[in-house]
Amino acid sequence: MDASRTPERAPSAAPAVPAAIPRPGPAPDAVPGPAAGPVSRSRRLASPALTLAIATAALAYVGTVNPYEPGHYPVCPLFRLTGVLCPGCGGLRSAHAFAHGDLVTALGANALAVVGYFAFAGFMVLWLVRAYRGGRAPRLVMKPVYWWAIGVVALVFSVVRNLPAGSFLAP
């Protein structure tokens with residue numbers, strides 16, 4: 001390398017100082033914007049109402065289009081390839097029966113799905129009540145052990161419904 005082309009740097013007398021760690025919040029020189037006012041009730045209810053409307057439309061569609069007639073919905077790929085019922089097999093038939101108010105048939109098609117319908121309904125009620133009252137939206141935050149427990153329940157449900165003794169859980 002040619003020494004004439006590299007600029008010479010003067011030795012620094014002071015040691016390098018690390019940059020300041022940024023603090024959360026607005027910068028000290030930031031211009032304050034308009035203060036956030038209270039959010040209207042209709043605006044707070046928009047997200048849960050839209051979510052509920054989409055879920056209701058999906059359930060209404062499944063209630064209208066009969067899953068017992070072939071050709072309307074795809075077959076479960078796991079069941080088609082292996083003949084093994086997954087935890088979701090029978091879910092559309094369960095939703096169809098649930099939409100028609102036939103809880104016994106819905107439980108017979110997929111009991112785990114019916115538990116999910118009621119869990120979703122409870123979550124939606126909680127979300128709507130909190131939004132109406134001006135509270136924070138509920139969050140589904142659980143410890144990992146609970147997520148593992150849900151997975152184990154789904155696995156056990158899937159295994160049992162494929163055994164002769166658990167045929168009452170098969171759709």
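Tutor: Let's go from the overall layout to single residues.

Student: Okay, what kind of model is this, and how are residues numbered?
Tutor: Residues are numbered from 1 along each chain as its sequence is written, and side-chain values use heavy atoms, with hydrogens and water left out. This is a predicted model, where local features need pLDDT of at least 70 and side-chain atom pairs count only at pLDDT 80 or more, while totals for chains, interfaces and linings use all residues.

Student: How many helices and strands are there?
Tutor: The protein has six helices and zero strands. Helices are DSSP runs of H or I with at least four residues, strands are runs of E with at least two, and numbering starts from the N terminus.

Student: And what share of the residues is buried?
Tutor: Of the 171 residues in the protein, 18% are buried. Buried means under 20% relative accessible area, exposed means over 50%, and partly exposed is in between (1.4 Å probe, protein chains only).

Student: How much accessible surface does the protein have?
Tutor: About 13,300 Å², with 68% of that belonging to carbon and sulfur atoms. Those areas come from the Shrake-Rupley method with a 1.4 Å probe, and for residues only the protein chains shown count as cover.

Student: Let's zoom in. Where is His-96?
Tutor: His-96 sits in helix α3, which covers residues 91–99. His-96 counts as buried because its relative accessibility is 12%.

Student: What is His-96 in contact with?
Tutor: Skipping neighbours within four places in sequence, His-96 is in contact with Val-62, Gly-63, Val-65, Asn-66, Pro-67 and Tyr-68. Contact here means heavy atoms within 4.5 Å. The His-96 side chain also reaches the backbone oxygen of Gly-63 at 3.4 Å. A polar contact is a pair of N or O atoms within 3.5 Å; within protein, one must be able to donate a hydrogen and the other to accept it, and residues adjacent in sequence count only if both atoms are side-chain atoms.

Student: Is Ser-94 buried or exposed?
Tutor: Ser-94 is buried, because its relative accessibility is 0%. Ser-94 is also found in helix α3. Leaving aside neighbours within four places in sequence, its contacts include Ala-106, Asn-110 and Tyr-117.

Student: What about Thr-105, which helix is that in?
Tutor: Thr-105 lies in helix α4, residues 103–109. At 33% relative accessibility, Thr-105 counts as partly exposed. Not counting residues up to four places away in sequence, Thr-105 touches Tyr-68 and Ala-97.

Student: Last one: where is Pro-38?
Tutor: Pro-38 is in the segment before α1, which spans 41–64. Pro-38 is exposed, with a relative accessible area of 84%. Pro-38 and Gly-134 are 96 residues apart in sequence, and their C-alpha atoms are 9.3 Å apart in space.
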